[in-house]
Amino acid sequence: MKYAYFPGCVAKSAAPELYSSTAAIAEKLGIELTELTAASCCGAGVQDEQNPFLNVLLNARTFAQAQELNLDILTICSTCQGVMGDVKRQLNEDSGLLSRANEALDKIHLQYKGKVKVKHLAWALIEDYGLKNLESHVVKPLKGLKVAPFYGCYLLRPVEAVGFEDHEKPSSLESLITSLGGEPVRYGHEDKCCGFPVLFVQHKTALRMSGDCLVDAKKSGAQLMVTPCPLCHLSLDTFQKKAEKEARARIELPVLHFSQLVGLALGIETEKLGFSKHIVSVEKILPRQR
């Protein structure tokens with residue numbers, strides 16, 4: 001299995017533990033990642049508001065780079081997945097937009113022919129690698145660990161661009177948690193927004209949103225939360241102490257990115273998974289895996 005790897009911005013800056021953990025599990029599972037080092041930010045849903053065509057063009061450029069490698073794109077960021085998936089949909093449905101984008105790309109000797117797929121790591125493990133194959137590599141099953149999946153917004157939406165599963169009843173993260181030996185916890189906020197998009201505009205509102213998700217998961221018996229999105233990871237872990245104040249509750253719920261949860265079950269050293277970088281300590285769940 002080979003992919004053109006698009007880690008996104010957060011994994012290369014604010015949360016490097018996600019980058020290192022992905023590299024570690026890829027090596028363990030024999031997945032070859034060729035990083036798109038010349039790619040730019042996907043726009044994160046913000047660029048589209050200011051300049052829609054520039055948003056399309058930046059992502060078409062990334063698609064064209066992957067196309068030159070004859071590889072599909074793999075991302076570990078569900079925000080990137082949602083944004084790139086929507087741009088890909090636009091280019092597929094609007095030949096005029098595709099022509100306009102390629103006219104601009106021609107100036108840097110690139111062309112996008114519309115054949116590159118964009119896959120989140122979670123989807124690639126389910127569809128391409130296979131859950132049975134993944135299970136065969138588990139050396140430290142997450143036995144007895146109750147894990148709350150947090151999908152967030154972009155892994156499921158926009159529906160017309162994503163289409164991987166039923167956005168009203170998602171189950172991919174639950175399936176992956178089960179394959180790693182853990183017990184998925186259903187709670188009600190798994191497909192809600194973490195609040196990050198408004199964190200720096202409506203700070204208290206964002207903290208209440210993340211607090212609601214965390215409190216709901218904790219009350220439902222979760223010992224750990226897992227998310228496929230680096231932005232959700234930041235919102236739910238980095239700002240959890242502040243969210244506790246808004247929620248008026250003590251939460252202390254460890255939050256892992258999906259790549260870290262996989263790495264834990266594969267027996268990868270915690271140093272490579274970057275657990276020491278978390279604000280909410282992961283230590284209390286580790287004895288179960290030793």
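User: How do the residues lining the second largest pocket divide into nonpolar, polar and charged?

Analyst: This is a predicted model, where local features need pLDDT of at least 70, side-chain atom pairs count only at pLDDT 80 or more, and totals for chains, interfaces and linings use all residues. Residues are numbered from 1 along each chain as its sequence is written, and side-chain values use heavy atoms, with hydrogens and water left out. Ala, Val, Leu, Ile, Met, Phe, Trp, Tyr, Cys and Pro count as nonpolar, Asp, Glu, Lys and Arg as charged, and the others, Gly among them, as polar. The lining divides into 5 nonpolar, 4 polar and 6 charged.

User: Which element gives the most to the lining of the second largest pocket?

Analyst: A pocket is an open set of points on a 1 Å grid over the protein atoms alone, where a 1.4 Å probe fits, with protein on both sides within 12 Å along at least five of seven lines; lining residues have an atom within 4 Å of a point. Helices (H or I, at least four residues) and strands (E, at least two) are DSSP runs, numbered from the N terminus. H4, strand E4 (118-120), helix H6 (121-129) and helix H8 (159-162) each supply at least two lining residues. The most, 5 residues, comes from H4.

User: What is the volume of the largest pocket?

Analyst: A volume is the space filled by probe spheres set on the grid points, which are joined across faces, edges and corners. For the largest pocket that space is about 300 Å³.

User: Which elements give two or more residues to the lining of the largest pocket?

Analyst: Of the 17 lining residues, the closest to the centre are Ala44, Tyr154, Phe196, Pro197 and Leu231. By class the lining has 12 nonpolar, 4 polar and 1 charged residues. The elements giving two or more are helix H4 (78-93) and H11.

User: How many residues of helix H11 are buried?

Analyst: Helix H11 spans residues 230-238 and is mostly covered. The buried residues include Leu231, His233 and Asp237.

User: Which backbone nitrogen does the Asn102 side chain reach?

Analyst: Asn102 is in helix H5 (residues 95-105). Asn102 counts as buried, at 11% relative accessibility. Not counting residues up to four places away in sequence, Asn102 touches Leu110, Gln111 and Tyr112. The nitrogen reached, at 2.7 Å, belongs to Tyr112.

User: How far apart in space are Ala222 and Lys146?

Analyst: Ala222 lies in the loop between helix H10 (203-219) and strand E7 (224-227). Ala222 is buried, with a relative accessible area of 5%. Ala222 and Lys146 are 76 residues apart in sequence. Their C-alpha to C-alpha distance is 5.1 Å.

User: What percentage of the 290 residues counts as buried?

Analyst: The chain has 14 helices and 8 strands. Its C-alpha atoms fill a box of roughly 55 × 45 × 30 Å along the principal axes. The buried share of the 290 residues is 53%.

Technical notes:
Buried means under 20% relative accessible area, exposed over 50%, partly exposed in between (1.4 Å probe, protein chains only). A polar contact is a pair of N or O atoms within 3.5 Å; within protein, one must be able to donate a hydrogen and the other to accept it, and residues adjacent in sequence count only if both atoms are side-chain atoms. Contact means heavy atoms within 4.5 Å.
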